[in-house]
Amino acid sequence: MVNTLLKHALGGALLASALSAAAATQGAHVAIQRAVDMPPSADLSYSIKARQKGFAINGDAQVSWRVADNKYTLRTDTRAMVFGSLLENRSEGVIDNYGIAPTQFTEKRLRHDPTTTTFDRAGKSIRFSEGTLVYPLKGGEQDRSSVSWQLVAVARAAPEKFTTGSEWTFFVAGRRDAEPWTFKVVKRESVPTGLGQLDAVHLVKLPPPDAPGQTVDIWLAPSHEWYPVRVRFTDSDDESIDQTLEKIVKK
């Protein structure tokens with residue numbers, strides 16, 4: 001059950017494409033350069049409510065975002081009652097002309113060995129410890145943790161462009177392959193959080209063609225540096241993970 005939920009990649013992540021589909025699209029992505037404005041360093045605490053086949057799981061996630069001297073680190077630790085640590089992510093790299101530029105993404109799931117995705121900037125390639133696919137590194141590529149923060153940085157630089165219906169595409173690497181992720185702005189909404197009701201921009205990640213029932217919703221709060229204040233993962237089988245902001249500590 002927990003492993004099924006983990007396939008949705010908490011904290012900013014979703015299911016990877018099938019290997020055959022990934023192989024067909026290797027090298028097909030284009031570099032997209034946008035203006036960015038990095039959010040301030042902070043620790044964010046989230047409460048988590050997950051459901052599968054009527055069974056509820058409660059937990060919390062701690063996100064540590066640090067940016068300084070054109071470098072960044074992003075750590076996420078997701079824990080659930082009884083099970084303990086479900087997922088640990090670490091993304092690190094630099095800030096370049098495209099924004100967040102990962103050099104390495106490490107993921108450790110419950111009862112699984114850690115996996116590493118390497119963004120080889122000297123060799124201009126993306127490689128995976130779990131798999132043999134290799135993708136060209138063209139600029140702007142993200143991992144499954146950093147993509148949400150790149151979205152934040154883009155929104156901060158051009159808030160007037162985040163209007164209903166606008167779409168924002170990024171090329172995202174997972175554990176063994178990579179694919180385009182497109183986020184579409186739904187509308188402005190009021191979101192209940194541990195900080196009270198917050199006005200937020202609601203975006204939805206469009207589902208992949210091979211899994212139309214899978215969606216990711218993310219709410220960004222302009223009044224709080226555009227930090228993610230809620231993230232919801234939903235599957236076609238009525239499985240869901242809902243992550244809501246409880247506290248922000250700026251660093």
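This briefing looks at salt bridges in the structure above and at where their partners sit. The model is a predicted one, and a search of the whole structure finds 14 salt bridges. Side chains of opposite charge can pair when their charged atoms come close.

**Asp-43 and Arg-66, between two strands**
- Asp-43 forms a salt bridge with Arg-66, and the closest N and O atoms of the pair are 3.0 Å apart.
- Because Asp-43 belongs to strand β1 (residues 42-52) and Arg-66 to strand β2 (residues 55-68), the pair ties together parts that are 23 residues apart in sequence.
- Asp-43 is partly exposed, with a relative accessible area of 23%, and Arg-66 also counts as partly exposed, at 27% relative accessibility.

**Arg-79 and Asp-77**
- The side chains of Arg-79 and Asp-77 meet in a salt bridge, with a distance of 4.0 Å from N to O.
- Arg-79 has a relative accessible area of 38% and is partly exposed, while Asp-77, at 23% relative accessibility, is counted as partly exposed.

**Arg-176 and Glu-130, between two loops**
- Arg-176 forms a salt bridge with Glu-130, in which the closest N and O atoms are 2.3 Å apart.
- This pair links distant parts of the chain, 46 residues apart, since Arg-176 lies in the loop between β10 (167-173) and β11 (178-193), and Glu-130 in the loop between β7 (125-128) and β8 (135-136).
- Arg-176 is partly exposed at 26% relative accessibility, and Glu-130 is partly exposed with a relative accessible area of 28%.
- Salt bridges that share partners join Arg-176 and Glu-130 with Glu-107, Arg-144 and Arg-175 into one network.

Technical notes:
Residues are numbered from 1 along each chain as its sequence is written. This is a predicted model: local features need pLDDT of at least 70, side-chain atom pairs count only at pLDDT 80 or more; totals for chains, interfaces and linings use all residues. Side-chain values use heavy atoms; hydrogens and water are left out. Helices (H or I, at least four residues) and strands (E, at least two) are DSSP runs, numbered from the N terminus. Buried means under 20% relative accessible area, exposed over 50%, partly exposed in between (1.4 Å probe, protein chains only).
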